[in-house]
Amino acid sequence: MVSPGKRVVDVGTDHAYIPMYLVEEGVAECAVAGDVNAGPCDIARTHISSKGLDSKITVCLSNGLEDIAVTKEDSVVIAGMGGLLMKEILTRSRDKILGVRELILQPQSEIGELRRYLWNQGLFIADEDAVFEDGKFYFIMKVYPGQKSPVSYSDIQLEYGPVLLDKRHPVLKEYLIRQKGINEEIISGLKKRPSGPNIERRLLEVGGLLSRIDKALGDYYEM
């Protein structure tokens with residue numbers, strides 16, 4: 001998802017695998033590997049040195065982008081963390097975010113909430129992809145700051161991805177079918193429990209989610 005260019009800034013780099021890969025593959029000329037904790041930074045430096053990439057990848061101890069200077073040529077990658085934490089990072093560095101070329105985001109949770117945040121902030125979701133590996137689903141977005149989408153999105157689109165739905169992405173279909181089964185089991189289990197306000201509230205909540213899943217499958221996929 002990263003466009004070929006000059007520099008990549010990887011926020012929450014951990015072991016620096018992403019910037020190392022992008023530099024080795026020639027997608028980026030150089031990179032910044034940033035992390036909020038000193039331990040991962042030390043590990044990242046060791047990995048970078050082992051590949052002889054010290055001159056091309058700089059390690060920076062930084063809380064999000066707070067201590068990293070960015071330019072309009074940079075691609076900023078934030079991957080492998082919860083959507084709420086991503087939202088917090090983007091909010092704290094909003095002025096910086098608006099000045100970069102693109103954002104590549106891969107949230108592990110709260111994906112719909114992150115999409116809604118991006119939409120409300122005028123951050124255009126230009127492309128999306130989905131991967132299923134080792135029993136887990138991964139959703140990736142390419143976002144262009146300052147380019148609001150020319151169309152409005154429905155709640156279904158923001159929940160499951162406007163681009164993924166338009167593509168009729170097969171991995172998203174697999175994800176929706178799995179989520180449908182999980183939530184049907186939850187409803188079945190709830191109905192076996194003694195009735196009460198909490199159970200009824202939970203049934204409404206899960207029932208609403210199941211309805212949205214069914215609508216996404218019905219509107220975009222042939223079942």
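On a 1 Å grid over the protein atoms alone, a cavity is a set of points where a 1.4 Å probe fits but cannot get out, whereas a pocket is an open set with protein on both sides within 12 Å along at least five of seven lines; lining residues have an atom within 4 Å of a point. Grid points are joined across faces, edges and corners, and a volume is the space filled by probe spheres set on the points. By these criteria, the second largest cavity holds about 30 Å³ of space.

The model is predicted: local features need pLDDT of at least 70 and side-chain atom pairs count only at pLDDT 80 or more, while totals for chains, interfaces and linings use all residues. Residues are numbered from 1 along each chain as its sequence is written, and side-chain values use heavy atoms, with hydrogens and water left out.

The description begins with the sheet. Helices (H or I, at least four residues) and strands (E, at least two) are DSSP runs numbered from the N terminus, and two strands pair if DSSP finds at least two bridges between them. Seven strands form an open sheet with mixed pairing, in the order E3-E2-E1-E4-E5-E7-E6. Its edges are strand E3 (57-61) and strand E6 (123-133), each of which pairs on one side only. Neighbouring strands of this sheet are turned by 20° against each other on average, direction ignored; axes are lines fitted to C-alpha atoms, for helices over the stretch in contact, and angles run from 0 to 180 degrees between N-to-C directions.

Within the sheet, strand E4 (residues 74-81) pairs with strand E5 (residues 102-107) in the parallel sense over six bridges. Serine 75 has glutamate 102 in E5 as its bridge partner. Helix H3 (residues 83-92) packs on the sheet and touches strand E1 (5-11), E4 and E5, its direction making about 150° with that of E4; contact here means heavy atoms within 4.5 Å. Helix H8 (residues 170-191) lies across E6 and strand E7 (136-145) and runs at about 125° to E7.

The largest pocket has a volume of about 350 Å³. Of its 15 lining residues, Met1, Ile18, Val77, Ile104 and Ile140 lie nearest the centre. Helix H1 (17-24), E4, E5, E6 and E7 are the elements that give two or more residues to this lining. By class, the lining has 13 nonpolar, one polar and one charged residues, where Ala, Val, Leu, Ile, Met, Phe, Trp, Tyr, Cys and Pro count as nonpolar, Asp, Glu, Lys and Arg as charged, and the others, Gly among them, as polar.

The second largest pocket has a volume of about 240 Å³. Its lining includes Asp10, Asp14, His15, Ile18, Met81 and Gln106. E4 supplies the largest share of this lining, three residues. The classes here are five nonpolar, five polar and two charged residues.

Finally, the structure holds two cavities of 30 Å³ or more. The largest cavity has a volume of about 50 Å³, and among the residues that line it are Trp119, Phe124, Lys148, Ser149 and Tyr153. Helix H5 (111-120) and E6 are the elements that give two or more residues to this lining, and the largest share, three residues, comes from E6. The second largest cavity is lined by Leu90, Arg94, Ile97, Tyr117, Gln121 and Leu123, which by class are four nonpolar, one polar and one charged residues.
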